[in-house]
Amino acid sequence: MADRQIVAIGGWPWGEDAAVRALQGFVLGLARGTRVGFVPTAGGDDPSAIVEFYERWRGLGELTHLGFFPWPADDLRGLALGQDVLVVGGGNTANMLAIWRVHGIDELLREAWENGVVLWGASAGMICWFEAGVTDSFGPELDGLDCLGFLPGSACPHYDGEERRRPRYRELIDGGFPEGVAADDGVGIHYVGTKIAELVTCRPGAAAYRVTRDGEEKLETRELG
C-alpha cells in the first residue's frame, strides 16, 4: 500500500518567492511524480487564483486544476486519482467542504490519499484534513468547524500571521474543542498516515505547536534550505 501523505501548511509566505519554492520543492520531493492538480474550491474557483497557480508552478511539473463552477469535470475521479500531488487553495473552508460533499470530492480525496497522492495546502488547505479547524468562514471573529477527519484532532493556521488566531484557539480548546496543532505561516506539518513525520519551515524562526488543554508546546522544526 502506498504511503498516505499530507502536508498541512499554516499559511503561504506570500511575497517571498524563494520561500514558496522551498515548500514546493519539499512536497515534490515526497511525491511519486510531478503531476500537480490545484483544487481552488475555497476561493470559488477564482480565475486569478487559478492563473496564479499556473504561474507559480510553471516548469515544475504537469499542471491541471479541478474546477467546480459552473459544474465539476466529467471524469472527476480520474482527474483526482491521476495526480501525484493535489494542492488545496485558501478561502472559505465551510463553503468548500459543502461543495465537496455534494459532489463526492471528499471521498475522492480520501481515495487519492490512500493511493499515494500527496495532499497539501495552506489555510483552508491546512485545516480541511483534520477532524476540526479554526476558521473565518463565518466571519472575522473565528470559530470551530468540523472538517474531513483524515487526520486526528484539530488545526489552526496563520498562528503568527493573524493576532486573533492564538487566543481564539486557546478559548476553543479550553471550551472543549479537540486538541491539536497550530502552524505559523510558512510552516509545514508532514504526516505519514496519521502521524507527524517531520515539521519544516521556509521562514526562519517560524514554528508549529501542539496545543492541548494543558498548554502549548513548541515543536522542533527543520528549516528548508
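Trainee: Which helix gives the most to the lining of the largest pocket?
Mentor: α2, with 5 residues. Keep in mind that this is a predicted model.
Trainee: What else supplies at least two residues of that lining?
Mentor: Besides α2 (47-57), α1 (17-30) and β4 (85-88) each supply at least two. The lining has 21 residues, and W12, W14, E52, G89 and G90 lie nearest the centre of the pocket.
Trainee: And how do the lining residues divide into nonpolar, polar and charged?
Mentor: 10 are nonpolar, 8 polar and 3 charged. The pocket's volume is about 420 Å³.
Trainee: Back to β4, then. How many bridges join β4 to β5?
Mentor: 4, and the two strands run parallel. V85 stands opposite V118 in β5. Strand β1 (residues 5-9) is also joined to β5 by 4 bridges, again in parallel, and there A8 has G121 as its bridge partner.
Trainee: Is β5 largely enclosed or open?
Mentor: Largely enclosed by the rest of the structure, because 5 of the 5 residues in 118-122 are buried. V118, W120 and A122 point one way and L119 and G121 the other, and all are buried.
Trainee: Buried or exposed?
Mentor: H158 is buried: its relative accessible area is 13%, and the cut-off is under 20%.
Trainee: What does its side chain make a polar contact with?
Mentor: The side chain of S123, at 2.8 Å. Leaving aside neighbours within four places in sequence, H158 is also in contact with G10, G11, R165, A183 and D185.

Technical notes. Residues numbered from 1 in each chain as written. Predicted model: local features only at pLDDT ≥ 70, side-chain atom pairs only at ≥ 80, totals over all residues. Heavy atoms only, no water. Buried < 20%, exposed > 50% of the residue type's maximum accessible area, 1.4 Å probe, protein only. Polar contact = N/O pair within 3.5 Å; in protein donor to acceptor, adjacent residues only side chain to side chain. Contact = heavy atoms within 4.5 Å. 1 Å grid on protein atoms, 1.4 Å probe; cavity = no way out; pocket = protein on both sides within 12 Å on 5 of 7 lines; lining within 4 Å. Points joined across faces, edges and corners; volume = space filled by probe spheres on them. Nonpolar A, V, L, I, M, F, W, Y, C, P; charged D, E, K, R; others polar. Pairing = 2+ DSSP bridges.
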